[in-house]
Amino acid sequence: MKKYTVDKDADVMAPGWLSVRIDYINIKFIYCNVDGAVRLKGVKIGSEVAEIGDTILFDGRRLSVERR
C-alpha cells in the first residue's frame, strides 16, 4: 500500500505512481483563484476530492482518499 499526503505542491511534486495515472478525466488537479493567484485546492479522483492535508492511498489497483 502506497500513501501520499496532498500538499500545496502536489501538481509539481506528485510521486510517480500518481502522476502516471493523471488523465485529466478521472484524476485531475482542482485549482482555485485567490486574489488573482491560482492555487491548488486538491486532487479529484473519480467523484471524491482529496484536499490539502488528505491522504491518497494506492493498493496496486485502486486509488482512494483518506480524510485527515
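Colleague: Which residue does glutamate 51 form a salt bridge with, and how far apart are the closest N and O atoms?
Modeller: This is a predicted model, and every value here is computed from it. Glutamate 51 lies in strand β4, residues 48–51, and its partner lies in the segment after β6 (63–66), so the pair ties together parts that are 17 residues apart in sequence. A salt bridge needs a side-chain nitrogen of Lys or Arg within 4 Å of a carboxyl oxygen of Asp or Glu. The partner is arginine 68, with the closest N and O atoms 3.8 Å apart.

Colleague: Is glutamate 51 buried, partly exposed or exposed, and what about arginine 68?
Modeller: Buried means under 20% relative accessible area and exposed means over 50%, with partly exposed in between. Glutamate 51 has a relative accessibility of 35%, and arginine 68 has a relative accessible area of 69%. Glutamate 51 is therefore partly exposed, and arginine 68 is exposed.

Colleague: Which aspartate forms a salt bridge with arginine 67?
Modeller: Arginine 67 lies in the segment after β6, and the aspartate is in the loop between β4 and β5 (55–58), so the pair ties together parts that are 13 residues apart in sequence. The closest N and O atoms are 2.8 Å apart, and the residue is aspartate 54.

Colleague: What is the distance between the closest N and O atoms in the salt bridge of arginine 68 with aspartate 54?
Modeller: Arginine 68 is in the segment after β6 and aspartate 54 in the loop between β4 and β5, so this pair links distant parts of the chain, 14 residues apart. The closest N and O atoms in this salt bridge are separated by 3.5 Å.

Colleague: How many salt bridges does the structure hold, and which residues are linked in a network?
Modeller: The structure holds three salt bridges. Arginine 68 pairs with glutamate 51 and also with aspartate 54, while arginine 67 pairs with aspartate 54. The count is three, and the network consists of Glu51, Asp54, Arg67 and Arg68.

Colleague: Is aspartate 54 buried or exposed, and what is its relative accessibility?
Modeller: Aspartate 54 sits in the loop between β4 and β5. The cut-off for buried is under 20%, so aspartate 54 counts as buried, at 2%.

Colleague: Which backbone nitrogen does the side chain of aspartate 54 reach, and at what distance?
Modeller: The side chain of aspartate 54 also has a polar contact of 2.8 Å with the side chain of arginine 67. Leaving aside neighbours within four places in sequence, the residues in contact with aspartate 54 include Tyr4, Thr5, Val6 and Val49. The backbone nitrogen in question is that of glutamate 51, at 3.0 Å.

Colleague: Where is glycine 46, and how far in space is it from arginine 62, C-alpha to C-alpha?
Modeller: Glycine 46 is in the loop between β3 (37–45) and β4. With a relative accessibility of 44%, glycine 46 counts as partly exposed. Glycine 46 and arginine 62 are 16 residues apart in sequence, and their C-alpha distance is 11 Å.

Colleague: How many aromatic pairs are there, and which rings form the pair?
Modeller: The count comes to one aromatic pair. The ring centres are 5.6 Å apart and the planes are at 10°, so the pair is stacked.

Colleague: What pattern does the protein follow along the sequence?
Modeller: The protein has two helices and six strands. Read along the sequence, these elements follow the pattern β-α-α-β-β-β-β-β.

Colleague: What is the radius of gyration of the protein?
Modeller: The C-alpha trace spans about 40 × 25 × 20 Å along its principal axes. The globule rule gives 11 Å for 68 residues, and the value for this protein is close to that, so the protein is as compact as a globular protein of that length. The radius of gyration is 12 Å.

Colleague: What is the accessible surface of the protein, and what share belongs to carbon and sulfur atoms?
Modeller: Of the 68 residues, 32% count as buried. The accessible surface comes to about 4,700 Å², and the share of carbon and sulfur atoms is 48%.

Technical notes
Residues are numbered from 1 along each chain as its sequence is written. This is a predicted model: local features need pLDDT of at least 70, side-chain atom pairs count only at pLDDT 80 or more; totals for chains, interfaces and linings use all residues. Side-chain values use heavy atoms; hydrogens and water are left out. Helices (H or I, at least four residues) and strands (E, at least two) are DSSP runs, numbered from the N terminus. Buried means under 20% relative accessible area, exposed over 50%, partly exposed in between (1.4 Å probe, protein chains only). A polar contact is a pair of N or O atoms within 3.5 Å; within protein, one must be able to donate a hydrogen and the other to accept it, and residues adjacent in sequence count only if both atoms are side-chain atoms. Contact means heavy atoms within 4.5 Å. Rings of Phe, Tyr and Trp (its six-membered ring) pair if their centres lie within 6.5 Å; planes under 30 degrees apart count as stacked, over 60 as edge-to-face and the rest as tilted. The radius of gyration is taken over C-alpha atoms; the globule rule is 2.2 Å times the number of residues to the power 0.38. Accessible areas come from the Shrake-Rupley method with a 1.4 Å probe; for residues, only the protein chains shown count as cover.
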